[in-house]
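This report goes through selected features of one protein model. Please keep the sequence and the structure at hand while reading.

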Amino acid sequence: MLWVFWVLIALIALFLAVIFIRTLCFKPKNNVKVSDTEEIFDGDRAVENLRELVRFKTVSYKDHSLEDDEEFDAFVVALPGIYPEVFKTCEFKQLPERALLFKWQGKDDSEAAVMMAHYDVVPVDEEFWDVPPFEAVLKDGRIWGRGTLDTKVTFNGIMFAAEHLIKEGFVPAQTVYFAFSGGEEINGDGALNIVTYFEENNIKLSMVVDEGGAVVENVFPGVKSPCGMVGIAEKGMMNVKYTVKSSGGHASAPKPKTPVDTLAKACVNVVKNPFDSHITPPVAKMFDTLGRHSTFLYRMIFANLFVFYPVLDMICKKSGGELNALVRTTVAFTQMNGSKAPNVIPPEASIVSNIRLNPYDRVEKALEYLRETIDDENVNVEILYGMEPSRISQTDCVAWDKVASAVASTWKGTIVSPYLMVQCSDSRHYGRISDKVYRFSAMDLTSEERASIHGNNEAIRIETAKSAVEFYIRLMRSC
């Protein structure tokens, strides 16, 4: 039987050799074209233009009665004075739901590129701001104000880049559209109306670029270089309500399993039994790109996921956060409602969760899983809102190469990688007409800056605002 032992040893040695060789071969791919050409433009003027945009209080609300229509109208009226060359050269349309569409005629009109942003912003609680949120204060090398990061910076980046190139006499090889929404923050229909316009006019798209990832650091295990994260898909979203009813009663003599007891157990069951993980194409491409730049140990894991995936899954479950959100559908319980008095058992209690769907999952499939996991007929599970995951875009194509090159040429030394966007954006609507939709906010952002989006003291570094313009100049030159 000694030969069996030696065969086993040989097989183990062969297995380890395969793992080791695959790790050694898992090296970075240098397949992104980087331009050394310097783009010179009036950066100070670009900064002042952004400040002008921020001063308009274009705050959107689900309850439209809370909105200031005059601010939205004034924003649009001011644009010709801020970007005169764009209005002289481009055809301009206003579509329903505060949608703005510019057409920059190119030499070839058979296909068109679309560059997107939204000009509405989320509300502010001014008492928690250190500076007035709509005065675009210049301080400490930053512009402070709501919308500086989300997304008036890209609105200005697109428009100022076109303004600069038009003055230069540049004409794009293909037609370019600038598509802006005034209701993205409330899931408005502005972007949807633009997509419908493209459909009705049989306009074919070569690529679409909207907000999404950014140039960030320390976002991937073992990678020290800055990473330009370009979303090629979005997770879906569901808001789910869980309700339990009873006859109510006084809290001094509670019956077993009050509505709150039952909901608590349901909540615990869902939290303790997360959705299964799945490596979808956007995440697989991210692992394949960034994993090659990682340390040897992590390269071993990502080069041999067929062996180490259970380890990775365990790390994701334990750490939570963005890495976990990339590989599975996540559930976050966000709202609770019960009795109106502390000594009354509620006749009805409810909780609400926000769910972000992995592209592998679908709304109905997720709802079925929740009901099976809770396994209690007394808990009514219903969808308040549901949106399926987006279409997955291509990366082995000219459109991706153009976007990747513009990122790598603007932020030298950056690793450009596809990824799965866990938030939602207007670009999801474009999946109806294109599989070349890319989500990249043209900025390099620190973790603190990312945290200020939708938060207090939102601000952008002056150099970052200028880099956004440079990115779009480079991208437009490639169109």
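## Basis of the values

This is a predicted model, in which local features need pLDDT of at least 70 and side-chain atom pairs count only at pLDDT 80 or more, while totals for chains, interfaces and linings use all residues. Residues are numbered from 1 along each chain as its sequence is written, and side-chain values use heavy atoms, with hydrogens and water left out.

Helices (H or I, at least four residues) and strands (E, at least two) are DSSP runs, numbered from the N terminus. Two strands pair if DSSP finds at least two bridges between them.

## The four-stranded sheet

Four strands make an open sheet with antiparallel pairing, in the order β11-β13-β9-β14. At its edges are β11 (330-337) and β14 (380-387), each of which pairs on one side only. From one strand to the next the twist averages 20°; axes are lines fitted to C-alpha atoms, for helices over the stretch in contact, and angles run from 0 to 180 degrees between N-to-C directions.

Strand β9 (residues 236-245) is joined to β14 by seven bridges in the antiparallel sense. K241 has E382 in β14 as its bridge partner. Helix α12 (residues 363-374) lies across β9, β13 (348-357) and β14, and runs at about 155° to β14.

## The three-stranded sheet

An open sheet of three strands has the order β4-β5-β17, again with antiparallel pairing. Because β4 and β17 (459-461) are at the edges with a single partner strand each, one side of each has no neighbour in the sheet. Neighbouring strands here are turned by 25° against each other on average, direction ignored.

β4 and strand β5 (residues 142-144) pair over three antiparallel bridges. L138 has I143 in β5 as its bridge partner. Helix α15 (residues 462-478) packs on this sheet and touches β4, β5 and β17, its direction making about 75° with that of β17; contact means heavy atoms within 4.5 Å.

## Helix α5

Helix α5 (residues 152-168) has 17 residues and reaches 24 Å from its first C-alpha to its last, close to the 24 Å expected at 1.5 Å a residue. The expected span is 1.5 Å times one less than the number of residues. Of its 17 residues, 15 are buried, so α5 is largely enclosed by the rest of the structure. Buried means under 20% relative accessible area, exposed over 50%, and partly exposed in between (1.4 Å probe, protein chains only). After α5 comes G169, with a positive phi near 90°.

## Aromatic pairs

Rings of Phe, Tyr and Trp (its six-membered ring) pair if their centres lie within 6.5 Å; planes under 30 degrees apart count as stacked, over 60 as edge-to-face and the rest as tilted. The count comes to 26 aromatic pairs. One of them is the edge-to-face pair of Y119 and F155, at 6.2 Å centre to centre and 75° between the planes. Y119 is in the loop between β3 (108-118) and β4 (137-139), and F155 is in α5, 36 residues apart. Ring pairs also link a cluster that includes Y119, F155, F56 and F180.

W400 and Y438 form another edge-to-face pair, 5.7 Å centre to centre with 65° between the planes. W400 lies in helix α13 (residues 398-410) and Y438 in strand β16 (residues 437-444), so this pair ties together parts 38 residues apart in sequence. Both residues, W400 and Y438, are buried.

## Cysteines

With a disulfide defined as a pair of cysteine sulfur atoms within 2.5 Å, the count comes to zero disulfides. For C227, the nearest cysteine sulfur is that of C316, 16 Å away. C227 is buried, at a relative accessible area of 1%, and C316 also counts as buried at 1%.
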